[in-house]
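Hi,

Here is the structure I promised to pass on.

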Amino acid sequence: MPVAAARDCANVRRMTDTYSYPLLRTAGIDGMLVSFGDRLGEAANRAALAFRAALERESWDGVEEISSSLVSAYLRFDPLALSHATLEARLRGLIASRDWLRAELPHGRRLHRIPTVYGGSLAPQLGEAAQAAGMSEAEAVASLSAARVRVTALGFAPGQPYLGELPEAWNIPRQQALTPRVPQGALVLAIRQFVIFSVTAPTGWRHVGQTAAPLFRLGAERPFLLAPGDEVEFPQVSEEVFAKMCDDPEGGATWEALP
Amino acid sequence: MTGTAHRELIVHRAGPAVTVQDGGRPGWIAYGLSRGGAMDRLALAEAAALLGQGESAALEMGGIGGRFEAGCDLRIALTGAPMRASIDGAPVPWHACHALPQGAVLEIGPLQAGAYGYLSVGGGLVPEELLGAVSAHLTAGLGRAVEAGDRIPVGEDRGGAVARKLPVEDRFSGGALRVVESLQTRLFPEEQRARLETARFTRDARANRMGVKVVPEGAPFGVEGGLSVVSEIITPGDIQVTGDGAPFVLLAECQTTGGYPRLATVIPADLPRIAQAPAGAELRFGFVSMEEALAAEAAYRASLKDLPRRVEPLVRHPGDVPDLLGYKLVSGFSNGEHHDH
């Protein structure tokens, strides 16, 4: 790599200190990360999704994988086939081509409806969460079951989504102590976000709902139910309906294509 | 030799950390699934060179091996961390390939150095593919550890040499690791970045396929004003600093994103060395420029290409392995008796 490019990389890093976004950084020797903010926000997440879609359209030779997380788009490449200097120049060109914070969400996304039991023995922390949000349990269920949230990222475990943002009232902190175990399919909530647990795990988030839709199915044409950018609603169902859904391979989940 | 030949490796006993591993499962980061695959991918390349075939899936053995039987005439390669090994009671050298005739029993004991030994076979292990790869990714719930009673299918072997060895450099006792700056390197104070290069680290007993903890001499590491940053991509080799101030080097089964700041990233060419560092091994880190890191990557890839040329005959006393001379040393393993199922 030419010395000038190495110097550019140093410049990239100095930008970290000043928090100037969009921010281009290297991740290891074979990754570049374009970040649109230093905290989760709707616009930064939308920008990351739109930028990722743009990278997919570009499909540059030497690029091996593209993904997005909460506020960033990531690109893994073969640095011996595609030089850092070339890729950085292309990325800077793409970054400068528009205001990504104003970009529209990419096409090809889905709207999922995942039936959910709120409260009761299946989701014992609804009351606690409602209280933290200053609502009655009925108001909480009305609010959560009407909310449409976006898959901002998947991580922690395969297919496990982070979903946001819920109305401002749900800006409630994580609980102090960890719940030792929430079951697979638990819908948990904190800081205006939902997570659906794809495996049984401990969590500091409050268990407000229970779902039956498998997030990961081997052998399926699309093994992961949710993709970054998809939207999800969690309509309320009774425990009786939920018990029947547990026998359904889809766990009661349905989806439609978004325009 | 008794019974009908089946192209499989029969497992009579297996240590607790024996899994099938290949080059991993790239392409699923967006869905929260990390690549996984062999902790020491160089060991897979060495096995491929010894067996004269492309890279294939092998048994990765953490700490201790097991007792295996050939379901048909097999060629095997033993690579990665050296372990005590014998075929039908006769000791066989590591970093080498051997004939394992049908019914022969391969006993692989504890590690003699390093952390992960590999047992490869001619034709490769070919268990069921999951999302385009056969490697177990236990953190993600894909596949499972190998257990006694398993019969692992073996692919068709186009044949090749046995009784060959591959001299390897020691990467099984810690040592120097080259790192590049990571996403958050500059969030760490200058003093800590300097200390990363001067402090001696000890590989902690806490280690698994997600990563290894490295304990620094002297003061802990950490970022002032809290440790939480927005979750960003994790690259294998990232040195993550959590609450206790001891860095954790993230490896094959790391999570895809993480909210703890990362001090630096070990370059791919040195990942086999960190993966193979045994508990208690001394490790040192040194920053290199991106330019130097890319030169190291080019040299590493060139050395992988050169591996087949470094394979040499295994000179041994014929009395050590009575069957050897009666065995076909070159080719001839893909005959009709292997097409019987």
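To start you off: is L178(A) buried, partly exposed or exposed? L178(A) is partly exposed, because 13 other C-beta atoms lie within 10 Å. The cut-offs are 20 or more other C-beta atoms within 10 Å for buried, 12 or fewer for exposed, and partly exposed in between, with C-beta atoms placed from the backbone.

Before going on, some housekeeping. This is a predicted model, where local features need pLDDT of at least 70 and side-chain atom pairs count only at pLDDT 80 or more, while totals for chains, interfaces and linings use all residues. Residues are numbered from 1 along each chain as its sequence is written, and chains are lettered from A and ligands numbered from 1 in the order in which they are written.

Back to L178(A): you'll find it in the loop between β8 (161-164) and β9 (179-182) of chain A. Helices (H or I, at least four residues) and strands (E, at least two) are DSSP runs, numbered from the N terminus. Leaving aside residues up to four places away in sequence, L178(A) touches P202(A), T203(A) and G204(A); contact here means C-beta atoms, placed from the backbone, within 7 Å.

Chain A has another cis bond to look at, from Y21(A) to P22(A), with omega near 0°. P22(A) sits in the loop between α1 and β1 of chain A. Then there is F156(A), in the loop between β7 and β8 of chain A, with a positive phi of about 75° although it is not a glycine. F156(A) counts as buried because it has 20 C-beta neighbours inside 10 Å.

Helix α2(A) covers residues 42-58, and its 17 residues reach 24 Å from first C-alpha to last, close to the 24 Å expected (1.5 Å times one less than the number of residues). Its buried residues, including A47(A), L49(A) and F51(A), pack against β2, β3, β4 and β7 of chain A.

Where the two chains meet, chain A brings 41 residues and chain B 34. On the chain A side, α1(A) gives the most, with 5 residues. By class, that side has 22 nonpolar, 12 polar and 7 charged residues (Ala, Val, Leu, Ile, Met, Phe, Trp, Tyr, Cys and Pro are nonpolar, Asp, Glu, Lys and Arg charged, and the others, Gly among them, polar).

In chain B, helix α1 (41-51) packs on helix α4 (290-310) at about 35°, with axes 8 Å apart. Axes are lines fitted to C-alpha atoms, for helices over the stretch in contact, and angles run from 0 to 180 degrees between N-to-C directions. A45(B), E46(B) and A49(B) of α1(B) meet L304(B), L307(B) and P308(B) of α4(B), a contact of 5 nonpolar, no polar and 1 charged residues.

What happens to α4(B) at L304(B)? The helix bends there by about 30°, and P308(B) follows within four residues; the bend is the angle between axes fitted to the seven residues ending there and the seven starting there. M290(B), A293(B) and L294(B) in α4(B) are buried, whereas D306(B) is exposed, with 10 other C-beta atoms within 10 Å.

Cheers
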